[in-house]
Amino acid sequence: ANKEILACDGSAYQSLRDAEREGGGRLLGESTVGAGLPIARTLETIQGAGDRVVRIEASLSGTIGLILDQLATGRALAAIVEEAVAKGFAEPDPREDLLGRDMTRKAVILARMAGLSESVAVEPFAPMSSGDVSDPSVREALDRAGAGISQRLSAAKERGEEVKYLAVIDRAEGASLRLREIETTSPLCGMLGAEVGAAIWTELNGERPIVVRGTGAGADPTAFGVISDLATIASFMGVGVVGGGA
């Protein structure tokens, strides 16, 4: 479930894949992206069936989703971030979320799984020079950024659109992470709070994407993703696994 491993530098990642191939094993990481949601599994199935991924659009930060919901109510960004850290919704160092570091790792992992460009152009969600939300200069910068985002949220709502912090990974256009307006026809429209999701376009499916979305954070969903990988490995090894609602 540790994103750092599968998002490591290219040569280190290749050594992991080489070890997987040479040892006849499996390298899995379902919970690195979307906790228990089968996003990684879906990409693996697409690749295994001989289809090719053309484009991925993904909203992968439940923390940012919660922050956007709060900003829409008129709250100041610094206060929202402070509360999110205190309640454990955000990383202990909120820069991981606000500067896009956490979501960039997830985008790199998805790109590698899909065989697409893993060089991600990142626009931070909000500037943060240090992880100390109590610092007056940090609060001022956050509130200034939050006011701008709130204006975008209001303008988008008037047009019938939504604002999401999206990773877009495209075979022709490359990969980027930034705040974007999306129309109601988007498969990622209507997600609330900590809900995350990914829309995957492939050569065989054409203009109709495969969509995986749902709760993408928390201990239970993350544990479910890990258990799912363990069950896959057990099956690969020929070991029986008994399911049940325990």
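The model examined here is a predicted one. Tyr165 likewise falls into the buried class, since its relative accessibility is 2%. Under the rule applied to ring centres, the count comes to one aromatic pair. This pair is formed by Phe125 and Tyr165 in an edge-to-face arrangement, with a distance of 5.7 Å centre to centre and an angle of 70 degrees between the planes. Distant parts of the chain are linked by the pair, given that Phe125 lies in the loop between β2 (120–122) and α8 (136–158), whereas Tyr165 belongs to strand β3 (residues 162–170), the two being 40 residues apart.

Helix α9 (residues 219–236) contains Leu230, and Thr232 is also placed in helix α9. Leu230 counts as exposed because its relative accessibility is 53%, the threshold for this class being over 50%. Together with Val226 and Ile227, Leu230 forms a nonpolar patch on the surface, for which the accessible area of the three residues together is about 270 Å².

Thr232, by contrast, counts as buried, because its relative accessibility is 18% and the class extends to values under 20%. When neighbours within four places in sequence are left aside, Thr232 is in contact with Arg26, Leu28 and Arg41. With Arg41, the side chain of Thr232 makes a polar contact to the side chain of that residue, at 3.3 Å.

Definitions and conventions. Residues are numbered from 1 along each chain as its sequence is written. This is a predicted model: local features need pLDDT of at least 70, side-chain atom pairs count only at pLDDT 80 or more; totals for chains, interfaces and linings use all residues. Side-chain values use heavy atoms; hydrogens and water are left out. Patches are made of residues with over 30% relative accessible area and no salt bridge: like charges are joined within 9 Å, nonpolar side chains (Val, Leu, Ile, Met, Phe, Trp, Tyr) within 5 Å. Accessible areas come from the Shrake-Rupley method with a 1.4 Å probe; for residues, only the protein chains shown count as cover. A salt bridge is a side-chain nitrogen of Lys or Arg within 4 Å of a carboxyl oxygen of Asp or Glu. Helices (H or I, at least four residues) and strands (E, at least two) are DSSP runs, numbered from the N terminus. Buried means under 20% relative accessible area, exposed over 50%, partly exposed in between (1.4 Å probe, protein chains only). A polar contact is a pair of N or O atoms within 3.5 Å; within protein, one must be able to donate a hydrogen and the other to accept it, and residues adjacent in sequence count only if both atoms are side-chain atoms. Contact means heavy atoms within 4.5 Å. Rings of Phe, Tyr and Trp (its six-membered ring) pair if their centres lie within 6.5 Å; planes under 30 degrees apart count as stacked, over 60 as edge-to-face and the rest as tilted.
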